[in-house]
Every structure is written in structure tokens, then in C-alpha cells.
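Hi everyone, thanks for making time.

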Amino acid sequence: MIVKESTKWWQKAVFYQIYPRSFADGNGDGIGDLAGMISKLNYLQELGVDAIWLSPHFPSPFVDCGYDVSDYEDVGPEYGTLEQFKHFLNQIHQRGMRLVLDLVLNHTSDQHRWFIESRSSRDNPKRDWYIWRDGDPGEPPTNWFSAFGGSAWEYDAHTSAYYYHYFFKEQPDLNWHNPAVKEAMFNAARFWLDMGVDGFRLDAVGTIFEDETYPAIPEGMSQEELYRMASQYVQPKGEKTVVSYHEEMFKHQVDRPEVHLIMQELRKVIDEYDDRVLIGETDDIAFYGDGTNELHLIFNFPLMRTNHLTAQHVSQNQLERLTALPPMAWPCNTLGNHDSARIYTAFGDGTHNNVQNKLYLMLLLTLKGTPFLYNGEEIGMSDYIIDDLSRFRDPLSVLYYQLEKRVNGSDERTTVLKGALMGRDRNRTPMQWSNALNGGFCPPETEPWLPVNSDYAAGVNVDDQVSNPDSMINFYRRMLHVRRQNTALQTGEYQEISTDSADILCYSRSDAEQTLLVVLNMSPEIQRVRLPFKVKQILINTMKNWVHIEDPEPTLQPYQGVIYIAA
């Protein structure tokens, strides 16, 4: 992996994902909006982030939480107006930060004007903008499944044909073999790029094409069986079995080779503009292309696909990932987002969660590559399990509720809990700004669109933590400052260093200016470690008064991390 002498802003940046509906409510209606986000830009600047990834802000019926777009060139009215968005973008740039938007390429909403035209008649000019196939009612063209439940084919009685949808039936797939579709979508990207947006995070890029010979999957495969297996198998052997079954079920619908040609063409569109970035929601390294001709960043999702962030897991992940990257490709790391459990919940052991959260931030900001944070991590927000079926907003929660009842025959309480745990509402709850009713997200008399986690009253909120020097948010601020002030942590070379303990992760980050040593105790036990070379200063420590610079064999407390400056 080669780093150019002149690195790009997105190689050095720390990205912060905003889920707009849950970030800040500026008009008091219980839904986050642009006015709320604008009011918090000073907060983000003080936190120390360099770029914002904004989850979908487009008009949408909100069947799939905004990923069912009904207009690619406007702003959802619940969020504000296009003029407000331009002001938001301008204010971000004035503060020296960047903005990346979510771009959904695979499908639109069934309420998009393109699809309304497409389904209006068989001879409509936009008929071929989507994937239509003939078939009798009850006899879909293939036995393929939707990833979000049921058949991948929806019968449309008006034109007596089926349309294809990889996700919900309200999200019909675009036909990217049609040049007019490609032109329209690329023009939608140009619309925002012309406005000054700094790039895109591309949603579900692997689903853009499917096998056009439409082969059947093996008879007898079903989502009920997949769910039963996932419920009963014990990891890790069971997990591999479930993954294998899932791959067989969807192998004709994802990761087709044609998608790389589209990515190369989209890269050319992006390269028409100065200094923009493309980020793929995929961990498939093939989407880097040759390192210069497809996507700039691909998420290292395998890093977060574990129940325990151990030294061995991280070490093996970095070895495999960095070795596999093509020349000129740049790594990209994250531990959480709007689709996964929050870091505090996913990797916390129930005893050391606070210190673990700080350690994992130190890990994320010191590994080689561009790090992505998710809003709320900086105050230690955790998953909030909604135990009321009527409060579910994610249709996946409803799907899993139904599967649990149908497949396992569980009682109502168990099925609701399963739906809450398997859905995504739990990690999308409103940001907690203060120790006030509704966590300061919206007025006390307003019901927020999702319930606010009650732990806002126990210190998990911005206002209470800002005044506490030892709080989570203040450690985030210090750690982000340290990364910004030390170029070795941004673009320096990564070298793992072996120690006597399997629970200690030790590595250096080096550039022409400095060498830094990162030492992380990834275990719940006290560990003693011999430093591999002389150090002259402790740059930052996740804990106070435990490690002294004079000690060549420091004793690390459970889940303690230290960064040294080499002598």
C-alpha cells in the first residue's frame, strides 16, 4: 500500500455519521431536521470531526427509514427545504468540515415519479427503467427471495406483470442495463456535486445487478429455515453454516461483475470535480478496482463482525486487510453505524463498558485508514430495546417479530423482544443532549419519533458530560485532537509489534516526523508489558495515574490504552 506525498483530505479525516431523523429537532415536531443539525455544527467542530456522512435526507415515504427515495434532487419536507440544505452545506464548509451524502443506487421508492410512470402501462417510455417480467398471479418468474422478507417479485395487476425488488416491495430495483437510468442517476449525483457536496456513501452497491438468466435457487430453501438455523446454531460453527446458507439463497442477486463497470463510470463522474470521494457500503476489496479507478474507500466491516474485540481478532483482521489492498488503495475502519448495534452494547462486557468504549475509540483512531464514528458514540449511547410493538418504526423489527412467532412459536413477549433485538430502531434512537425530558432532543411536550433511552437522566447526555473532565465526550475530544495534531496517526505506516501477552495489542505508527507506539490491553485482566523501544512522552492515556513514563515495563489496567512518543 503506497501513500502519495500529497494525501487527500478523506485519508486524514475523521467522519461522523448523522442519522438526521434522530440527531437534533430544530422545529419541535419530534423529528430531527436541518435546523437542528445547523444548530449543532459548533458542537461537531468542537468535538473535532472533519467530515459528516449524512444518512438519507431525501423525500421518502419512509418505508425503509429513508432508503426508499422518492426524489433524488430535493430534501424531505420533514427535514426542511433545499435552501436550508444549501445553508447547512455552506456552514459546514465555513467551519472547515466536509459533507458526504448517502446515495441509493439500487432502487427507488415505489412513489418515485419514474416508477409511477413505469407501472402505468407496458408501453410507457420508462417501463424499462425497472425490472419487469411476465408471470401469472401467484407464479413469480423465479423462486428468489427479498432480503427483507417474502418473494423478490411483486405482482402488479394493472399491467399483469411482476417487478423485481431486492429489498421491500416498496423499493423496486432500477434497471441499470438501461443507459437512460444510468444517465439519470449520474445526473442526480451531479446535482449535489454542483452544489458543493464533497462526495457520497453508496448504499448497498453489491445489489445493483442480478443474474439475468434468472436461475432458480435450490428447492426447499426458505427464509423460515434460514431464521430457524440462525436461532438454533451456536457460534462460530453455526454462524458459518448460516452464512453459507444465506450466500446460496442470494447468490444470483448480489455482487455481479457488471457492477464494477458502473463504479468505474461513476468514478469518472466524481473525477470531473475537484477532490471528492466515493465510499462503498461493502467490504469487498474488489470495489477498490486497481486502487485508482473505482471507489476511494471500502468499509472494513470484518473488524466489527465479532462478539469480542480481542487483540488476536484485530491483529488478524489488520494482517489480512492491509495485505489484500491493491496499491494506492486506502483502508477505512468503523465499529458501528445505523445498521448495527452501538459499540457500547456490541462490545461492552457489562462491567467495563465505559473504559472499553474509550479503548475502542483509541483503537479506531490509531489503526491505519479513515475512521468513521456514529452519532451518540461520543457520550456512550447504548442500544435501547423497545418493548412495545406499536412503537416499532423499522419494518425489519416487524418481520423478525413475525418470523419468531411463526418459526419458533414463541409467546408475545418473546416475539416482541426478538423483533426489537433484530431490528434497527434500537440503535437509531434520538441523540441525548441534556438531562431534560426527551433528553433535550425535542420539547418535553412533544413525542419523539422514536423513544429516547431513559439513561439520559443518568449522565448519558452531552450537557452533563461536557462539564466533567473525565467523561466520555471529553475523552473523545482529547483523542480526536491528538489524532489531528499527529500526522503519524493520520497517514503514517502501521507496524504491529509482538509482545509476551496474547491480550496486548501493540503497534507503531510512523512517518517522517515521528514514531508513535500504541499499546492496548484488550482484556479484563491486569497486564504487564515490556515496551519494545525507548519512549520520551505519554501522548494520551485512557486512564489517569496508572502508567508512568519512567517505567519500561508498565502495568496496564483492564482495557487500558496508552499512546507513547518514541524517543
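One term before we start: when I say two residues touch, or are in contact, I mean that they have heavy atoms within 4.5 Å. And please keep in mind that this is a predicted model.

Where does Gln171 sit? You'll find Gln171 in the loop that runs between β6 (161-164) and α6 (179-195). Buried or exposed? Gln171 is buried, and its relative accessible area is 0%. Leaving aside residues up to four places away in sequence, Gln171 touches Asp64, Tyr67, Asp68, His107, Thr108, Phe148 and His165. With Asp64, the side chain of Gln171 also makes a polar contact of 3.1 Å.

Now, β6 takes us to a sheet. Here 3 strands make an open, antiparallel sheet, ordered β4-β6-β5. At its edges are β4 (132-134) and β5 (153-156), each pairing on one side only. From one strand to the next, the twist averages 35°. β4 and β6 are joined by 3 bridges, and Asp134 stands opposite Ala161 in β6.

There's another open sheet, with 5 strands in the order β12-β13-β14-β18-β16, again with antiparallel pairing. Its edge strands, β12 (493-496) and β16 (535-541), have a single partner strand each, so one side of each has no neighbour in the sheet. Inside it, β14 and β18 pair over 5 bridges, with Val562 of β18 as the bridge partner of Val519. Helix α10 (residues 311-324) packs on this sheet, touching β12 and β13, while helix α16 lies across β16 and β18, at about 140° to β16.

Notes:
Residues are numbered from 1 along each chain as its sequence is written. This is a predicted model: local features need pLDDT of at least 70, side-chain atom pairs count only at pLDDT 80 or more; totals for chains, interfaces and linings use all residues. Side-chain values use heavy atoms; hydrogens and water are left out. Helices (H or I, at least four residues) and strands (E, at least two) are DSSP runs, numbered from the N terminus. Buried means under 20% relative accessible area, exposed over 50%, partly exposed in between (1.4 Å probe, protein chains only). A polar contact is a pair of N or O atoms within 3.5 Å; within protein, one must be able to donate a hydrogen and the other to accept it, and residues adjacent in sequence count only if both atoms are side-chain atoms. Two strands pair if DSSP finds at least two bridges between them. Axes are lines fitted to C-alpha atoms, for helices over the stretch in contact, and angles run from 0 to 180 degrees between N-to-C directions.
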